[in-house]
Amino acid sequence: MNPFQKNESKETLFSPVSTEEVPPRPLSLPKKPSPKICGSNYPLGIAFIVVNEFCERFSYYGMKAVLTLYFLYFLHWSEDTSTSIYHAFSSLCYFTPILGAAIADSWLGKFKTIIYLSLVYVLGHVVKSLGALPIIGGQMVHTVLSLVGLSLIALGTGGIKPCVAAFGGDQFEEKHAEERTRYFSVFYLSINAGSLISTFITPMLRGDVQCFGEDCYALAFGVPGLLMVIALVVFTMGSKLYRKPPPEGNIVTQVAKCIWFAISNRFNNRSGDIPKRQHWLDWAAEKYPKQLIMDVKALTRVLFLYIPLPMFWALLDQQGSRWTLQATRMNGNLGFFVLQPDQMQVLNPLLVLIFIPLFDLVIYRLVSKCGINFSSLRKMAVGMILASLAFAVAAAVEIKINRMIPPQPGPQEIFLQTLNLADDDVKVTVLGDENNTLLEESIRSFQKMPHYAQLHLKTKRQDFHFYLKYHNLSVYTKHSMEEKNWYSLIILEDGKNISSMMVKDEENKTTNGMTAVRFVNTLHKEVNISLGKDTFLIVGEDYGVSAYTTVQSGEYPVVHCRTEDKDFSLNMGLLDPGTVYLFVIINSTNQNPQAWKMEDIPANKLSIAWQLPQYALVTAGEVMFSVTGLEFSYSQAPSSMKSVLQAAWLLTVAVGNIIVLVVAQFSGLVQWAEFILFSCLLLVVCLIFSIMGYYYFPIRPEDLQEPADKKIPHTQGNVINLETKKTKL
């Protein structure tokens with residue numbers, strides 16, 4: 001029976017409805033044999049498709065790996081805004097596959113859709129890379145270019161997502177079904193390989209390479225863009241080898257129309273004289289074939305189970321946002337290697353490749369031997385529990401981080417440290433507006449201060465009076481300071497006199513795992529400092545203070561410096577990752593100046609390796625939830641509904657990212673409390689899903705076919721006799 005055949009017209013008591021004909025599928029063109037790989041049954045064209053997918057996934061995941069830090073440090077957005085835009089982009093990437101599937105199935109076909117949307121994809125990478133160049137415009141230009149580029153990338157990657165894998169499957173003949181199954185395994189492997197390599201390499205391009213004196217985000221975005229160009233070129237090279245089936249009509253549209261017609265027809269016929277029907281979809285029988293209605297019934301049963309699923313994706317996709325931000329406040333020095341915060345995401349694809357065979361070959365078999373019926377729905381529920389536990393662990397790590405990092409100044413608060421560069425002790429007294437003493441301490445010459453002092457303001461900005469006593473000399477000065485900032489009071493010596501200057505420190509100077517340095521020059525000449533191949537500083541004479549500069553951690557025994565009349569070198573020693581250093585250039589008894597070193601902010605003490613348990617838990621949850629969920633869904637849906645099911649599955653990912661966006665913008669919770677909130681929400685959703693799964697009765701493949709002895713609905717008098725299979729919800 002053709003599921004899209006036109007129904008015969010019938011006389012009914014119902015209100016008139018349109019008799020729009022469901023278009024039949026076009027006839028398939030004769031399939032010509034394609035060249036094979038090394039005499040096997042694998043078409044040669046799939047080699048180009050697999051390489052294309054590897055490069056495209058490298059492009060997507062590589063760009064996405066550094067996206068949150070780009071928002072935070074290049075565009076200078078807040079952590080909440082960076083998280084929200086990150087998940088808005090992720091959500092858009094999972095909405096656009098519906099558009100791509102519609103274009104491919106109804107208009108262009110898969111091949112042309114992949115080509116055209118890949119061009120859009122490449123254009124998005126070009127615009128995104130231009131937006132990461134500091135020399136192009138200001139922050140507004142960078143923001144506009146970034147958002148336009150991300151929109152084009154979302155359209156490109158989402159549009160080709162439902163087409164590439166299916167196009168590869170189209171290259172096989174029906175008699176080579178076993179080879180086609182192995183192809184999908186290789187295809188999935190190429191996805192994870194691209195993700196694994198790119199999430200390791202692109203953070204290195206960002207952090208290890210300096211562009212215009214800062215992290216090279218333009219290179220980190222440009223290399224994935226180049227990989228997308230290679231993906232497009234490779235895919236186009238195989239054009240003459242591909243089998244290109246014509247568009248067959250969009251089944252997603254047909255399902256939506258069938259459901260809408262059933263709802264509207266039922267609404268238009270609310271009279272009590274009209275006989276009731278066993279299922280609400282039976283109200284589409286006047287227009288759509290019975291087989292299609294039965295398939296949609298089976299589909300809606302699976303979609304009903306999809307309702308709780310977005311909450312799982314809300315947790316899983318925070319690896320690239322909240323968890324990356326958490327890693328920036330941890331020590332990435334593993335002894336043998338310094339791990340960038342955004343490189344921790346490489347654990348997910350790596351653990352996926354390890355856990356899939358581990359679960360399939362070991363864990364599931366052991367559970368089965370114990371006599372436990374570990375059904376697909378139970379595996380998905382356990383996956384939710386593991387993800388919930390992962391966020392509980394992330395909350396514990398966040399609490400531990402908060403105990404170790406310096407506190408941040410809040411409203412009507414400032415943090416102040418005093419740096420005494422005189423040759424003897426100086427007594428410092430800080431007075432408020434009413435001459436009340438706020439701080440009093442005696443500071444030795446070149447004393448390394450253990451911490452910042454906390455001062456409270458009466459307004460957002462306030463003047464403070466400083467009373468300095470040096471030998472028999474007393475100096476009185478005033479400085480204005482603003483809330484939520486860090487300040488350094490530098491005491492200067494000029495012969496027998498002293499003075500002071502107030503320097504505003506930068507907050508969160510090295511939360512990207514690098515090392516930050518700044519210099520105070522006590523010499524009477526300007527100093528040029530070379531910190532690396534592309535990093536240069538100019539520090540003014542007579543207590544000039546440089547800006548903070550980010551450098552690689554490690555040993556700096558010889559740093560070349562130059563004044564107008566001589567060259568010399570400074571020994572900066574070992575620079576630990578995550579530390580902020582202050583270097584004071586002073587004259588010494590010998591011929592060359594020296595650098596006095598002090599830590600403004602100490603190194604991050606908590607190792608980034610503490611994130612390993614939460615990554616292991618959430619990846620185990622992903623393997624049990626995602627892989628099992630797709631397998632279960634495909635087994636429960638009719639063959640004609642596979643594309644609809646894929647679109648619905650991707651939509652749950654999109655909705656999950658929207659949940660994160662809303663929580664990040666409106667929750668107002670501290671980070672550890674937000675992690676606990678997500679953990680508890682997923683536990684509640686897991687309970688709901690378990691109850692839904694308990695009352696779900698799996699269907700058999702034969703239940704999805706119309707029995708041979710069933711007849712097409714016919715009229716007896718003026719009453720429609722509908723024979724439908726009862727679907728238990």
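**The negative patch and its setting**

A: Of the 729 residues of the protein chain, 51% count as buried, where buried means under 20% relative accessible area, exposed over 50%, and partly exposed in between (1.4 Å probe, protein chains only). This is a predicted model, in which local features need pLDDT of at least 70 and side-chain atom pairs count only at pLDDT 80 or more, while totals for chains, interfaces and linings use all residues. Residues are numbered from 1 along each chain as its sequence is written, and side-chain values use heavy atoms, with hydrogens and water left out.

The secondary structure comes to 16 helices and 23 strands; these are DSSP runs numbered from the N terminus, with helices (H or I) of at least four residues and strands (E) of at least two.

The negative surface patch is formed by Asp-494, Glu-526, Glu-541, Asp-542 and Glu-564. Patch residues have over 30% relative accessible area and no salt bridge, and like charges are joined within 9 Å. A salt bridge is a side-chain nitrogen of Lys or Arg within 4 Å of a carboxyl oxygen of Asp or Glu. Asp and Glu count as negative, and the place of a charge is taken as CG of Asp or CD of Glu.

One of the patch residues, Asp-542, is found in the loop between strand 13 (536-539) and strand 14 (544-545). Asp-542 counts as partly exposed because its relative accessibility is 42%.

Another loop, between strand 7 (461-470) and strand 8 (473-482), holds His-471. His-471 is also partly exposed, with a relative accessible area of 48%, and has a positive phi of about 55° although it is not a glycine.

Definitions and conventions:
Patches are made of residues with over 30% relative accessible area and no salt bridge: like charges are joined within 9 Å, nonpolar side chains (Val, Leu, Ile, Met, Phe, Trp, Tyr) within 5 Å. Accessible areas come from the Shrake-Rupley method with a 1.4 Å probe; for residues, only the protein chains shown count as cover.
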